[in-house]
Amino acid sequence: MDLEFQEYSTLPKYAFQNRYQEFEETKHLSKEEKDEHYPFDKMEEECGVFGLHSTENQDTFSLSQFGLFALQHRGQEACGIAVGNNGKILSVKDEGLVLDVFKSIEDPQQYMGSTVIGHTRYTTAGDKKKYNFQPFFAKNEYDQIILSIAHNGNLTNAKQLRKELEDEGVVFRATSDTEVILRLIQKNLDLGLRGAIKATMEKIEGAYSVVGLTRNKFFAFRDFNGIRPLVLGAVDENTFVVASESCALDGVGAQYVRDVLPGEIIYTNDNEKGLQSYIVKDDCVNKICAFEYIYFARPDSTLEGINVHEVREKSGMKIWEQAPVDADIVIGVPDSGVPAAIGFSKASGIPFRPVLIKNRYIGRSFIIPSQEMREHLVNLKLNPIVSEIKGKRVVIIDDSIVRGTTSKRLVKILKNAGVKEIHFRSVSPPIIAPCFLGIDTPTKDDLISANMNKEELRKYLDVDSLEFLTVDNLINILGSPNHCFGCFTEKYPVQNPDELAFVDQGD
């Protein structure tokens, strides 16, 4: 079997160092200087995955478009699909939003089949390279695609596994840890599809939710801790859907069945109808990322039986119980802060007003040469209705405080609008540690709560009071301690490796 990845004929020899070089270039910058590189102050999800399999041909072009469009919030910089039809796999992927990429496809009829997988990508800074767009695929010696996968998450031992495979003669053409998963499955295909996936899962470590297809089979699998989400649905008895969130099921008219279990492989078999299930390890404990509920997932999604909107509203109610305050109005930072602000209002009796207006057409790719111009960024993204807040005591609810720069500028905007008092409430605990399991976060030096106590941060933000939801209260809202709280506690479900910079994180 030819293990060479033949998708791209040229690649810079040291392309895998792009992410590390970006870190080296910016680590000595001041907080203000880093604003130029990271103008928007939020933790970012890395991607979303979608897969559909049917025993009959479907309009996979449209269905994959609908499913990925529902997952657009998980990645806005690139997307792609791989379609299986009559023993052949055809793939297309490009930079841009889902609708733009699909609009550029000249012959949609080519992408009709019985099976499709798709991916929306958020790209880490400095590595917007087409060879890292997904789905990834591998070819045989006849230049035919035989395997394709899409992945959400991050492997913690990718560098080690990559070196082992390279020592065996495997040639890598991308910098993403997703290719490590692809290569391991491809290497072990002589064990059968299920055997190849099982062998791969027993080698890789970290967070991963994967969908994939061969020329005649469909599969999906999830890591042993279930850190990244993956749900299963059905359109009818012959058509099944797997996706990062249940909102993608709704987008294609599928009914939610259940979440894919940690350590579970979902796959098709030539000898049996429908989807088959195989549990690689039966002692797994689900530790899905808590930040999925706080910020990443769409509010209409349900993950592990818990509705995201309800969690956010309850968090607002809980932080009122934890830190009540006298005020005239409650406002939420769109979008994920709004349900929490509504919950705070319900619990406190303080009226909620949607006075922060969000520009929904703003992009991420600003090039801002001066500090003066960077000051205008928050005004572009969020602008208040001054008449609603002038002279009033305001409670502002946000999902989190990461680097603190956007929060500080937002406070300044409110003060310029004539607000009398500002009471800031974050409905996540203080973020004190970076994530290495599929979320793009700044280094610990740039996480403001890792470097300031609450009173120091209150003074930095220039607010009258500041409070964070406690980890205990977050656990109470989620109903279980079985989640990943690593960014709040520095205690992760899997070991943090010594070095991740050489591998593209979070595909």
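On one side of helix α5, K163 and D167 are exposed, where exposed means over 50% relative accessible area, buried means under 20% and partly exposed lies in between (1.4 Å probe, protein chains only). This is a predicted model, in which local features need pLDDT of at least 70 and side-chain atom pairs count only at pLDDT 80 or more, while totals for chains, interfaces and linings use all residues. Residues are numbered from 1 along each chain as its sequence is written, and side-chain values use heavy atoms, with hydrogens and water left out.

Let's stay with α5, which covers residues 158-167 and has A158, L161, R162 and L165 as its buried residues. These four span an arc of only 100° around the axis, so they lie on the same side of α5; the arc is that of the directions from the helix axis to the C-beta atoms. Helices (H or I, at least four residues) and strands (E, at least two) are DSSP runs, numbered from the N terminus. What do the buried residues of α5 pack against? Their partners are β7 and α6, with contact meaning heavy atoms within 4.5 Å. Just after α5 comes G169, with a positive phi of about 100°.

Strand β7 leads us into an open sheet of six strands, ordered β6-β7-β8-β9-β13-β14 with antiparallel pairing. Its edge strands, β6 (136-139) and β14 (272-279), each pair on one side only. Two strands pair if DSSP finds at least two bridges between them. On average, neighbouring strands here are turned by 15° against each other, direction ignored. Helix α6 (residues 178-187) packs on this sheet, touching β6, β7, β8 (206-214) and β9 (218-222), and its direction makes about 135° with that of β7. Axes are lines fitted to C-alpha atoms, for helices over the stretch in contact, and angles run from 0 to 180 degrees between N-to-C directions. Between β6 and β7 (residues 145-155) there are four bridges in the antiparallel sense, and K139 has I145 of β7 as its bridge partner.

Now move on to strand β21 (residues 393-398). Five of its six residues are buried, so β21 is largely enclosed by the rest of the structure. Strand β18 (residues 329-332) pairs with β21 over four bridges in the parallel sense, and G332 stands opposite I397. Six bridges also join β21 to the parallel strand β22 (residues 421-426), where E421 is the bridge partner of R393.
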